Amino acid sequence: RAIPCDGACVMDLSPDGEMKIVGAHAVTGVEPGRTYPQTRGLAESGWPQNGRPLVFMGMAEGRGSEALDPLAHGRRVESAIAVPLREGRGAWSILYVDRVAERGNRHFHQAEVSHCLTLARQLAAFLEEATIRNRRGLREHRKLEQNIALADIVTENPEMQSILGLVSRVADSALAVLLQGETGTGKKL
């Protein structure tokens with residue numbers, strides 16, 4: 001909606017030459033989670049490491065990049081913009097938008113390319129924040145799971161808390177544990 005286009009997607013471009021679709025809108029045949037091979041053209045050009053957007057015009061007449069063919073997937077794409085969003089662990093996240101030839105002169109103008117760059121910066125910040133939240137959420141989820149496993153035991157006794165700490169450390173191991181204690185002290189728990 002921010003950039004008038006016929007199709008858009010966000011993909012991860014891996015160092016081993018694969019394009020993995022993260023999300024797509026109106027790009028027929030392109031499914032989130034699916035991986036496509038990347039052609040030599042992009043890898044040899046030094047893109048996306050140079051951080052510059054790629055703008056292709058006249059793709060319907062064969063003047064584009066065969067690297068983007070999997071994203072065209074039977075559509076007559078006239079022009080496309082691909083913008084690097086961010087690099088993480090060797091892979092690059094890419095914003096891709098295109099226009100099809102059937103709707104007249106569908107070339108992107110400089111103002112639209114600039115708008116796409118601005119949108120890409122905002123999207124990169126959003127993705128970074130989402131990554132941080134996911135990492136934080138996983139850590140908190142693990143803590144919560146650990147606490148739930150011991151939720152039936154209610155104590156503020158420092159000795160008992162020490163025992164519970166020991167239990168949580170050995171819980172995922174294959175060690176055999178012998179619990180000793182008086183009847184009614186909570187060994188079953």
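This is a predicted model: local features need pLDDT of at least 70, side-chain atom pairs count only at pLDDT 80 or more; totals for chains, interfaces and linings use all residues.
## Overall layout

The chain holds four helices and six strands, and, read from the N terminus, these elements follow one another in the order β-β-β-α-β-α-β-β-α-α. When contacts between residues at least 6 apart in sequence are considered, 50% of them join residues that are at least 24 apart.

Of the 189 residues in the chain, 31% are buried. The accessible surface of the chain amounts to about 12600 Å², and carbon and sulfur atoms account for 52% of this surface.

In soluble globular proteins, nonpolar side chains tend to be buried together. In this model, the largest nonpolar core has 15 residues, and the members that touch the most other members are M11, L13, I21, I94 and Y96. Two or more residues of this core come from each of the strands β1 (7-13), β2 (18-25), β5 (77-88) and β6 (91-100). There is also a second, separate core, which is made of 14 residues and includes I3, L85, V97 and V113.

## A residue in helix α3

Helix α3 spans residues 110-149, and L119 is part of it. With a relative accessible area of 27%, L119 is partly exposed. If its neighbours within four places in sequence are left aside, L119 is in contact with A2, I3 and L95.

## Cysteines

The model contains zero disulfides. For C5, the reason can be followed step by step: a disulfide requires two cysteine sulfur atoms within 2.5 Å, but the closest cysteine sulfur to that of C5 belongs to C116 and lies 8.2 Å away, so the distance is too far for a bond.

C5 is partly exposed, as its relative accessible area is 26%, whereas C9, at 3% relative accessibility, counts as buried. The cut-off that matters for this reading is 20%, because a residue counts as buried when its relative accessible area is under that value.

## A nonpolar patch on the surface

On the surface, L175, V177 and L179 form a nonpolar patch, and together these residues have about 320 Å² of accessible area. One of them, L175, is found in the segment that comes after α4 (158-170). L175 has a relative accessible area of 59%, and it is therefore classed as exposed, since that term applies to values over 50%.

Conventions
Residues are numbered from 1 along each chain as its sequence is written. Side-chain values use heavy atoms; hydrogens and water are left out. Buried means under 20% relative accessible area, exposed over 50%, partly exposed in between (1.4 Å probe, protein chains only). A nonpolar core is a set of buried Ala, Val, Leu, Ile, Met, Phe, Trp, Tyr and Cys residues joined through side-chain atoms within 4.5 Å. Patches are made of residues with over 30% relative accessible area and no salt bridge: like charges are joined within 9 Å, nonpolar side chains (Val, Leu, Ile, Met, Phe, Trp, Tyr) within 5 Å. Accessible areas come from the Shrake-Rupley method with a 1.4 Å probe; for residues, only the protein chains shown count as cover. A salt bridge is a side-chain nitrogen of Lys or Arg within 4 Å of a carboxyl oxygen of Asp or Glu. Contact means heavy atoms within 4.5 Å.
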